[in-house]
Amino acid sequence: MVTIEKITEENSGERGIKTFRLRFNDKKIQNDFDFIPGQCVMVSHFGYGECFFAISSSPTKKDFLEVSVMKLGKVTSALHECEPGDVLGVRGPYGNHFDVSGWQGKNLIFIGGGIGQAPLRSLINYVVDNRDNYKDLDIVYGARSTGDLCFKSEFSDLEKRKDVNVHLSIDKEEEGWNKFVGFVPDNLLSVKPSPKNAIAVTCGPPIMIKFVIQNLLKLGFSENQIFTTLEMRMKCGIGKCGRCNIGNLYVCKDGPVFSYDQLKNLKGEM
Amino acid sequence: MEDLILPKNKLSDYINKIKSDYTIFAPIKKDELTYYSQIENPSDISLDFINSKYPPKSILFNQTETLFKFKHGLKAEISFKEFKNSKNVIFGIRPCDAKSFFIVDKLFKDDYVDPYYSSKRENTVLIGLSCNLPGKNCFCTSMDGGPANAEDVDILFTDIGDKFYIEIKNIKGENLIKIGENLFNKPKDQDKNKLKQIKKKAEETISRKMNTTGIVDELDNIFDNRFWKDISMKCIGCGICTYGCPTCHCFDILDETSLREGARVRVWDTCMNPEYTIHASGHNPRPARMNRTRNRVYHKFNYYPKNYNVIACVGCGRCINECPVNIDIIDVITKAREVKT
């Protein structure tokens, strides 16, 4: 059981996003809870149901865990009505993770769009907290408008750092915006990251992922240098209810992190 | 433990003896169909059937199962029920249905062990009943099984006329048989011969065969073939195949609630339902009937074997018997193998 400590409204509107900071009621569980960026938890709003969310905080922060939730269906809408002090349930961590140890010493480029940034945020903060273990860090992030950009305060902190390159974008022109205007895949092309000793991770709407991967391949990245996270309707989160499969892999158990060369060979519906 | 004989007129005595310690599920007849049901009176048992309408999977994998109860609000809390571990006996289970438990064990006990299924499974003794007369759509012999296959039961009864020939497969079975000690006799040579005859005849009666050699690779090759569109044209998505299938295990989880408290409940679900995989965004990875029908066939003959090394089909033939539009799984697999790539 967890208590909501803090709710940050990332953006508002119909598909608004809120980040929930949760703390386990049992101190020992909070201390023992550990995970690797990319992993997810099942959050219960008792009476409404459960949802599978990527943990958007870094495991280097031991006092809490955060999930970033878009208001979309029954459970998420009910979650958006919650207030600090409300009690929810959390089980996990589930799923596989980003290969943070295998990627040490590499140049990292993270490309996110909209709410897809949630799992990347965990990864970014983890890398920043272990900055010396990794080489270059480029973050490409965009949303439809400035109103839709998430984690604004964190991005402005990241922009101030000399050891992180932040490349933000919005889809359409807006007054006061002097950075890239256009879709995230196009911003990626203008950033032109080198594939040498690099790993690219992308999360976001399926259409964005499709073009980002296309452009990464154009830039010379090979299939096993490209990673993404997938999502599915889930119920059990542990590979038993049969729902979230793509081919013989379950997104809850064998994912949500997949490499592009894994996905290319997977026969199944996404 | 050695083989035994139980005269048919002593069956009720045996059931009465084990009834005091075990909850007994056995086949009963209702409106000319056979179902597995909890019995109080051994005279309710009817062994005059080929196979039950629906498999006994609901005994171990309940159709509706309360996972836990909860209270809402600032002091939200959850409470799990105690696993009472009552001892069960499923009497008269057919070898194919017994094999289905062996198959779904692999899923329910994998990684995170499902305690709801496992606690029942561990505390259930399976007394199998050989099929003297297999059904016309039975094909268990093609699925690594047989009408007298005793691999997945604890005790096997075979009807050899006015008596049952009893084979005991393990300690669990032995302990259950010991309760009825003086009711049993030793088998005579003629009993053993009768047993052999009956088993042979039963196997020979099974006329339908499915060739599953290399089926995983075969299916890998034709995933995108239009064959699947053609074969699923008839399917109306009723889901009766999933309901009647002993190895189908998909489920849904729901919160049922009133003002202050409620329960999280697991219920059977069917992948044939269009909303089975629908995302909150509206995106559906399996939007067309073809996607869902193909997914079901692949789950049983390609995905499950890839994950657990066993085909998730026991050849019971229920899907063939029940399908309202006569989609025949043997036909589907046979035709799939013939697709030219």
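User: How many residues of domain 1 of chain A are in contact with domain 2 of chain A?

Analyst: A contact means that the C-beta atoms of two residues, placed from the backbone, lie within 7 Å. Here 15 residues of domain 1 of chain A are in contact with 15 residues of domain 2 of chain A. This is a predicted model, in which local features need pLDDT of at least 70 and side-chain atom pairs count only at pLDDT 80 or more, while totals for chains, interfaces and linings use all residues. Residues are numbered from 1 along each chain as its sequence is written, and chains are lettered from A in the order in which they are written.

User: Which strands of chain A supply at least two residues each of the side of domain 1 that touches domain 2?

Analyst: Strands are DSSP runs (E, at least two residues), as helices are (H or I, at least four), numbered from the N terminus. The strands in question are β1 (2–11) and β5 (65–70) of chain A. By class, that side of domain 1 of chain A has 6 nonpolar, 8 polar and 1 charged residues. Ala, Val, Leu, Ile, Met, Phe, Trp, Tyr, Cys and Pro count as nonpolar, Asp, Glu, Lys and Arg as charged, and the others, Gly among them, as polar.

User: What is the strand order in the open sheet of 7 strands in chain A?

Analyst: Strands of a sheet pair through backbone hydrogen bonds, either parallel or antiparallel. Two strands count as paired if DSSP finds at least two bridges between them. In chain A the order is β10-β9-β8-β7-β11-β12-β15, with mixed pairing. β10 (180–181) and β15 (257–259) of chain A each have a single partner strand, so one side of each lacks a neighbour in the sheet. Strand β9 (residues 165–170) of chain A pairs with β10(A) in the parallel sense over 2 bridges, and Ser169(A) has Phe180(A) as its bridge partner in β10(A).

User: How many residues does each chain give to the contact between chains A and B?

Analyst: Chain A gives 28 residues and chain B gives 35. The chain A side divides into 10 nonpolar, 11 polar and 7 charged residues.

User: What is the secondary structure of chain B?

Analyst: Chain B has 12 helices and 11 strands. Its C-alpha atoms fill a box of roughly 65 × 65 × 40 Å along the principal axes.
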